[in-house]
Amino acid sequence: MLRNYLRIALRNLARNKFSSAINIGGLAIGMSVAILIGLWVFDELSYNRSIPDHDHIAAVMQNQEISGAVQTWWGEARQLAPVLRKDFGGRFKHVATVFGPAPEALTVGDTRLKASGAYVDPEITDMLKLDMVRGDRKAPLRDQSSIILSASVAKSLFGTSDPIGKTVKASSNELHTVAGVYTDLPGNSSFADYGFIIPFAYKEHTDSNVARLNWGNSWFQTYVQLNDKEDMAAASLAIKDVKFRYAEGERRARPALFLHPLNDWHLYSDFSNGASVGGAIRYVRLFTIIGAFVLLLACINFMNLSTARSEKRAKEVGIRKAIGSLRGQLIRQFFSESLFIALLSYILAIGIVVLLLPFFSEVAGKKMTIPFDNTWFWLAGLCFVFITGILAGSYPALYLSSFRPVKVLKGKFRVGKLALIPRRALVVLQFTVSVILIIGTIAVFRQIQYIKDRPVGYSRDGLVMIPVQSDDVDKHYDVIRTELQQTGLVEEMAGSASALTNIFATNGGFSWAGKDPSLQDEFVSDFVTPEFGKVTGWQIIQGRDFSRDMPTGNHPIIINETAVRYLNLKNPVGEVLSRDHGNERYTIVGVAKDMISESPFEPVRQMIFFLNKHFINTVDIRVQPRASMTNALVAIKAAFSKYDPRDIFEYQFADQEYAKKFGDEERVGRLAGVFTTLAILISCLGLLGLSAFVAEQRTREVGIRKVLGASVFGLWRLLSREFIALAGLSLLIGGPLASWIMNEWLNNYHYHAGLSWWIFAATAGGVILITLLTVSYQAVKAALTNPVKSLRSE
C-alpha cells in the first residue's frame with residue numbers, strides 16, 4: 001500500500017511540475033528558516049549547560065534601595081565568601097570569590113600575548129570540574145603565586161613543551177609558576193574567557209587597593225555551588241540578610257542577597273526594581289515565534305495549492321470511493337503524499353542551511369554548526385518532517401477525501417464559493433503575517449537609528465582609548481603626553497579610571513546642603529586628569545573646566561546636569577559635598593552637559609568627575625583632525641612601547657566602542673530582516689502558484705472575453721483584482737496588529753521612536769506592489785494568449 005501511495009505521489013509531482021516545485025521550494029525555505037532558528041535557539045538555551053553541576057551553581061547578587069529605587073548588583077564585597085563558608089557550610093559545597101575576567105599581558109621569554117583571565121579562589125577548579133590535562137589535578141592552586149592556563153593559552157606561550165613548573169610574567173612584572181593546564185572552557189558559557197586563573201589570595205596580598213576594601217566596595221563576584229540535595233530557593237532565602245548583619249555601614253540601603261542560578265545568567269540577566277525581567281530570553285521567544293510563522297506560511301502555500309487543484313483530483317477520489325476505498329484510506333494516502341513532499345523539502349532545506357549557515361552565523365554573531373553526528377538531531381529532524389507534513393497536509397487530506405463520488409463521476413462537481421473562503425482566508429493570514437514582519441523590521445531599524453542620533457555629550461571622532469594595566473604609564477604620564485604633542489599628530493592626551501564609553505564605578509555616602517536624610521545616594525564616578533575635558537570635548541555649561549594649575553587640596557569635582565537635579569541645587573558651583581563625617585570635602589567647580597557613558601537606551605545617571613592625576617586605567621588621546629590616523633597610531637604605539645614595555649599595546653576607537661552598544665538590537669534587526677525577506681518570498685511563491693492556477697482555470701473565460709473585444713488591461717485587472725483585495729484586507733488586519741505589537745516592544749525602551757504614518761504607507765505600497773508584480777506575470781500571460789488556442793476544444 002505504501003509503495004502504491006508513493007507511486008501516486010511521484011506521478012502527481014511529475015504531472016504538475018510547476019505547482020510541485022512551488023510546494024517543495026516553499027516548504028524547503030520555510031523549513032530552512034525553522035532549522036536555522038532552531039540551531040540558534042538551541043545554542044542560546046544550552047548556554048552554560050555544558051558546565052558540570054550547572055544546576056547547583058549560582059552567583060550571589062544583591063538588591064539595594066538607592067535613590068528611592070531598588071537596584072540589583074552582580075558585584076559583592078571580598079568579605080562575603082569567607083562568611084558564607086563559615087555560616088552556611090552545610091548548604092554550600094564550594095564558595096569562590098572572583099575578580100575578572102580581564103585581559104592581562106603574559107610573557108614567556110620572547111613570547112608575549114594578551115589573554116583574558118581571572119583571580120579566583122582555588123575552589124573554582126572543583127566547582128567548574130576543570131579538566132586538568134597537566135599538573136596537579138586535585139589542588140593546582142595551593143600556592144598563591146601559581147597560575148593555571150587553558151590549553152590554548154599554554155600552547156601559545158610554550159608551544160608543545162611541558163609548561164609545568166615554568167614561569168610566566170604578568171604585565172606588572174609579577175612572576176607566576178605554572179601549576180596546571182586545563183581544557184578550554186566551552187565557548188557558549190560564561191567562563192569562555194578564562195584563559196588563565198590565579199589565586200585570589202595573591203591579589204589580596206599584593207594589591208593594597210584590594211586589601212583595604214570593605215563591605216561597601218562591591219568590586220568582586222561571589223559564586224557558590226550548592227550541596228547536592230540543597231534547594232536553590234531555600235538557600236537564597238537563607239542568605240538574604242547576611243550583608244545587613246555584617247555590614248553596619250550599608251544598612252541604610254537595606255541590602256538583600258539572593259542566588260542567581262548559572263542557568264539563568266545569560267537568558268535572564270536583566271533586573272528592574274529588584275526582580276528579574278528577562279534578558280536574552282526575549283530574543284529566543286521572538287525568533288521562535290518568527291520561525292513558527294515562516295513555517296506556517298510555507299504550510300499555507302501547500303494547503304492552498306493542494307485544494308486549488310481539487311477539481312483535477314476529484315475524479316481520482318470518486319473512482320477510488322466507487323470501487324470501495326474508505327475515506328480513512330484516502331486520508332492516509334493524502335497524508336502520505338504530504339509527508340513525502342515534506343521529506344523532500346527537508347532534504348532540500350538541509351542543503352539550504354549548509355549554504356546559509358556561514359552567513360547566518362556572521363549575522364547572529366556566533367559560530368554555529370549542524371550536529372550531523374548527533375542522533376538526537378536526526379530524530380528531531382524526523383519529528384519535524386512528520387509535524388510539518390501533518391500540518392501542511394491536514395486540510396487538503398480532509399477536504400479532498402470528503403468529495404461525493406456520485407457528483408464527481410456525473411461531472412456535476414464544482415468548487416463553489418464556500419470552498420474558496422478557506423483558501424482566501426489562508427492567503428489573508430499569509431499576507432497579514434508578512435505585513436506584521438515588514439512593519440516590525442522597519443520599526444526595529446528606526447528605533448536603533450533613533451537612539452544612535454541621541455546626543456552623546458562628547459566628540460567621538462578621532463578619539464583613541466588605550467587600556468592601561470601597569471603603573472608605568474602613570475609614572476611617565478607627563479613625558480608621554482609631551483612627546484606625543486611634539487609629533488604634531490596628537491592634539492591632547494588625558495587619563496581616566498574608566499573608559500569613556502563604559503564608566504561603571506559608583507560612589508555614595510555623600511552629604512550636602514538640603515539632602516534628604518533618608519536618601520541612600522549613588523553617583524556614577526570617574527577619576528580624570530586635568531586634560532580630560534579638552535580630549536573628550538565635553539561642554540561645561542556652568543563654572544569652569546579642570547586645569548593643571550587647579551589646586552587639588554580642596555578636591556575639585558565636576559558634575560553633570562542630571563546630578564544638579566539629583567542634588568536639587570539651584571547654583572551648584574561652589575557647593576560642597578562631604579563624606580566620611582566631613583573628613584572628605586569635594587567642591588563643585590563646574591557642570592558638564594550629560595554624557596552617555598553607559599547604555600544609550602537608558603537615561604543618563606548622576607555623575608561625578610574627580611580630579612585625580614594618579615588613577616589611570618585608560619588613556620584617552622585626541623588625534624589632530626587633519627592628521628593621518630595611521631601615522632598617529634604608529635607614534636602612539638612607539639611612545640607607549642618605550643615607557644610601558646611590560647604591557648602589550650592595544651587601542652580602541654571611541655566611535656567603534658560606542659557602536660558596540662547597539663550590537664544586540666542591530667543583530668535582531670538584521671535577523672528579522674533576513675527572515676522577513678524569506679517570509680515575503682514564500683508568500684510570493686504561494687501567490688504565484690495560485691495566480692497561475694486561477695489563470696489556467698479561467699482560460700476559456702479569458703478567450704471568450706477577448707473575442708468579444710476585452711482589452712489586455714481589462715483582462716489583467718479582472719485576474720488581479722481578487723488578489724489585490726486580499727492583500728488590502730491583510731493590510732487592514734496586519735497594520736493595527738503590528739502597531740499594537742511594536743508599541744508594546746518600544747515601551748520597553750525609555751527613549752523610543754514613534755510609529756510614523758509613513759511606515760504603514762510604505763508597507764502598504766510595498767505589499768500592493770509585490771502582489772501586482774507576482775500576479776501580473778500570469779495575468780498578462782493569460783491575457784495575451786491567442787483565444788483560438790483556448791476555444792478550439794469547444
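**Entry 1: α24 and α25**

I started with helix α24 and helix α25 (residues 757-784), whose axes come within 8 Å and cross at roughly 155°. An axis here is a line fitted to C-alpha atoms, for helices over the stretch in contact, and the angle runs from 0 to 180 degrees between N-to-C directions. I noted that α24 and α25 are therefore roughly antiparallel to each other; the cut-offs are under 35 degrees for roughly parallel, over 145 for roughly antiparallel, 65 to 115 for roughly perpendicular, and oblique for the rest. α24 passes α25 in a right-handed crossing, a term used if the near helix is turned clockwise from the far one by less than a right angle, with anticlockwise being left-handed. I sorted the residues of this contact by class and got 19 nonpolar, seven polar and no charged. Nonpolar covers Ala, Val, Leu, Ile, Met, Phe, Trp, Tyr, Cys and Pro, charged covers Asp, Glu, Lys and Arg, and the others, Gly among them, are polar.

**Entry 2: ground rules**

I wrote down that this is a predicted model, in which local features need pLDDT of at least 70, side-chain atom pairs count only at pLDDT 80 or more, and totals for chains, interfaces and linings use all residues. Residues are numbered from 1 along each chain as its sequence is written, and side-chain values use heavy atoms, with hydrogens and water left out. Helices (H or I, at least four residues) and strands (E, at least two) are DSSP runs numbered from the N terminus.

**Entry 3: α23 and α24**

I looked up helix α23 (residues 699-707) against helix α24 (residues 712-746) and found an angle of about 150°, with the axes 11 Å apart. That makes α23 roughly antiparallel to α24. α23 supplies E701, V702, R705 and K706 to the contact, and α24 supplies L715, L718 and L719; contact means heavy atoms within 4.5 Å. By class I have four nonpolar, no polar and three charged residues here.

**Entry 4: T432**

Next I checked T432, which lies in helix α15 (residues 417-452). Is T432 buried or exposed? T432 is buried, with a relative accessible area of 6%; buried means under 20%, exposed over 50%, and partly exposed in between (1.4 Å probe, protein chains only). The T432 side chain reaches the backbone oxygen of V428 at 2.6 Å. Leaving out residues up to four places away in sequence, I found T432 touching S730, I733, G734 and L737.

Key: A polar contact is a pair of N or O atoms within 3.5 Å; within protein, one must be able to donate a hydrogen and the other to accept it, and residues adjacent in sequence count only if both atoms are side-chain atoms.
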